[in-house]
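Please look over the sequence and the model first.

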Amino acid sequence: MPNMPHQTIHLFRKGLRIHDNPTLLAALESSEVVYPVYILDRKFLISAMNMGTLRWHFLLQSLEDLHRNLTKLGSCLLVIQGEYELVLRDHVKKWNITQVTLDAEIEPFYKEMERTIQVLGEEMGFDVLSLMGHTLYDIRRILDMNGGTPPLTYKRFLHILSVLGDPDMPVRNLTTEDFQRCKPVPELHLAECYRVPLPEDLEIPRDPQSPWRGGETEGLQRLEQHLKNQSKNHSLPPVSLQGQLLWREFFYTVASATPNFTKMAGNPICLQINWYQDAERLHKWRMAQTGFPWIDAIMTQLHQEGWIHHLARHAVACFLTRGDLWISWEEGMKVFEEMLLDADYSINAGNWMWLSASAFFHQYTRIFCPVRFGKRTDPEGQYIRKYLPVLTNFPSKYIYEPWTAPEEAQKQAGCIIGQDYPLPMINHKEASDHNLQLMKQVREEQYGTAQLTRDDMDDPMEMGLKRERSEENSKIGKRARNREQT
């Protein structure tokens, strides 16, 4: 006897999109009615991830965009506020639901949510369909190919992908006909009852506003523009878009099967380091008060816009951890999680372990200088002038080290260092030399752990730096290359 068509709640979680959405397509193809739902469970979100104001704006913009796109197809997004288990119980009964569909995710808190929904389904008599839609590959297949454990080096990971072959092609586009066939009865007035809330409805401040808007529409436009630019300026993996996607996939795979991936303690692939606990220094770093203009400009942009370039992330992460302050990568990860619009459980933790040389990255003698690194890419300091207007009038030769400017030059610039802008909080040369010895000792004592993620292949940071250095040398020769501390 053929299965009867379902009455389905499709539960959006991370994948706030319509295009290439295999789980939503499966819901539409197996149902006579589909309710597209996002449960805004503030208690869950606050406990699972530390979201700042800009991230809340980005989420609400993404929900509004999803609602508009569904409306164009004759449907709508139903945003229901409350604890997700109670919301599901209530609406499964109210709408006579026989199926709940949702994307499978790798984060522990989303896995726990799915287990709860599975148990609820057994209790209330509805099916649960969960499909991978957030990664290129089904990560479970990668783990199976590696004997049930994650490949801990990028080289091993790429070998497994070569055996698996290309990822699945995107699923077909959804149509008005798909949603028309699965439309709830109109007298329910669902769109009016379950609208996307405004920031003030959630007591979220209207400001600051990031120039980067959330939503599938904006994301696809940015992707299209990036691909156009890339066709003109071709780059190769791992710094190409393809390479970045594969590194994303690698971190997702490792995170999916590594206990305590976002922590040092209990994390089997992470070096156990006795980091300093210094709340005052951490606060200065977070609030862009380190006294190093390059670092402070980056952190100011992060506060104002919720986004910074990947090399800027490298600079501030190295400064906080092994480069200067010797403060735990977990603290930096929490700040990025709060402020970055693109904060991601797997990638955020993976990159912080990488940049602190706690896992994955082993050229720990390479330390980013908070002066020379920025000066090499922006010698006139235009970036600093934009985000630290207090330093705008400093001559270029002092903009990265304003404390070296004569008193008269500081007066002419309208900024006295130590009064209007802080003195450097640390001596970089002394701190980095000391930290280098600490890291060397840690790696010798924990040699076995360090080797777990050791890979001889070039990494994205290394490749990016090589490319930039090559471009620089073609213009200015070998000026100061041997004496620079990158």
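How many positive and how many negative side chains does the protein chain have, and how far apart do the centres of the two sets lie? There are 54 positive and 63 negative side chains, and the two centres are 6 Å apart. The model is a predicted one.

**Overall form**

The protein chain contains 23 helices and 5 strands. Its radius of gyration is 25 Å, which agrees with the value near 23 Å that a compact globule of 486 residues would have. Along the principal axes, the C-alpha atoms fill a box of roughly 85 × 50 × 45 Å. Of the 486 residues, 53% count as buried. The protein chain exposes about 23400 Å², and carbon and sulfur atoms supply 52% of that area. Among contacts with a separation of 6 or more, 76% are between residues 24 or more positions apart.

**The nonpolar core**

The largest nonpolar core has 148 residues, and those with the most contacts inside it are Tyr38, Trp95, Trp285 and Phe360. Helix 14, residues 310-323, gives the most to this core, with 8 residues. For Trp285, leaving aside residues up to four places away in sequence, the residues touched include Val316, Phe319, Leu320, Phe336 and Trp352.

Ile80 lies in strand 3. Leaving out residues up to four places away in sequence, Ile80 touches Tyr38 and Trp95, among others including Val37, Ile39, Leu40 and Tyr194. Ile80 and Met439 are 359 residues apart along the chain, and their C-alpha atoms are separated by 49 Å.

**Two further buried positions**

Ser75 is found in the loop between helix 3 (53-72) and strand 3 (78-81). Beyond the residues up to four places away in sequence, Ser75 touches Pro36, Leu70 and Phe179.

Glu249 lies in helix 11, residues 241-256. With residues up to four places away in sequence not counted, Glu249 touches Thr135, Leu136, Tyr137 and Phe157. Glu249 and Asp344 are 95 residues apart in sequence, while their C-alpha atoms are 12 Å apart in space.

Why does Ser75 count as buried? Its relative accessible area is 16%, and buried means under 20%. The table gives the relative accessible area of several residues.

| Residue | Relative accessible area | Class |
|---|---|---|
| Glu249 | 0% | buried |
| Ile80 | 6% | buried |
| Ser75 | 16% | buried |
| Asp20 | 26% | partly exposed |
| Asn260 | 37% | partly exposed |

**Backbone exceptions**

Most residues other than glycine have a negative phi, and most peptide bonds are trans. Which residues are joined by a cis peptide bond? The bond is between Asp207 and Pro208, with omega of about 0 degrees. Pro208 is located in the loop between helix 9 (190-193) and helix 10 (216-232).

Asp20 is not a glycine, yet its phi is positive, at about 45 degrees. Asp20 sits in the loop between strand 1 (6-12) and helix 1 (22-29). Asn260 also has a positive phi, near 55 degrees, in a residue other than glycine. Its place is the loop between helix 11 and helix 12 (279-286).

Key. Residues numbered from 1 in each chain as written. Predicted model: local features only at pLDDT ≥ 70, side-chain atom pairs only at ≥ 80, totals over all residues. Heavy atoms only, no water. Helix = DSSP H or I, 4+ residues; strand = E, 2+ residues; numbered from the N terminus. Rg over C-alpha atoms; globule rule 2.2 N^0.38 Å. Buried < 20%, exposed > 50% of the residue type's maximum accessible area, 1.4 Å probe, protein only. Contact = heavy atoms within 4.5 Å. Areas by Shrake-Rupley, 256 points an atom, 1.4 Å probe, with all protein chains shown as cover. Lys, Arg positive; Asp, Glu negative; His and termini not counted. Charge placed at Lys NZ, Arg CZ, Asp CG, Glu CD. Core = buried A, V, L, I, M, F, W, Y, C linked by side-chain atoms within 4.5 Å.
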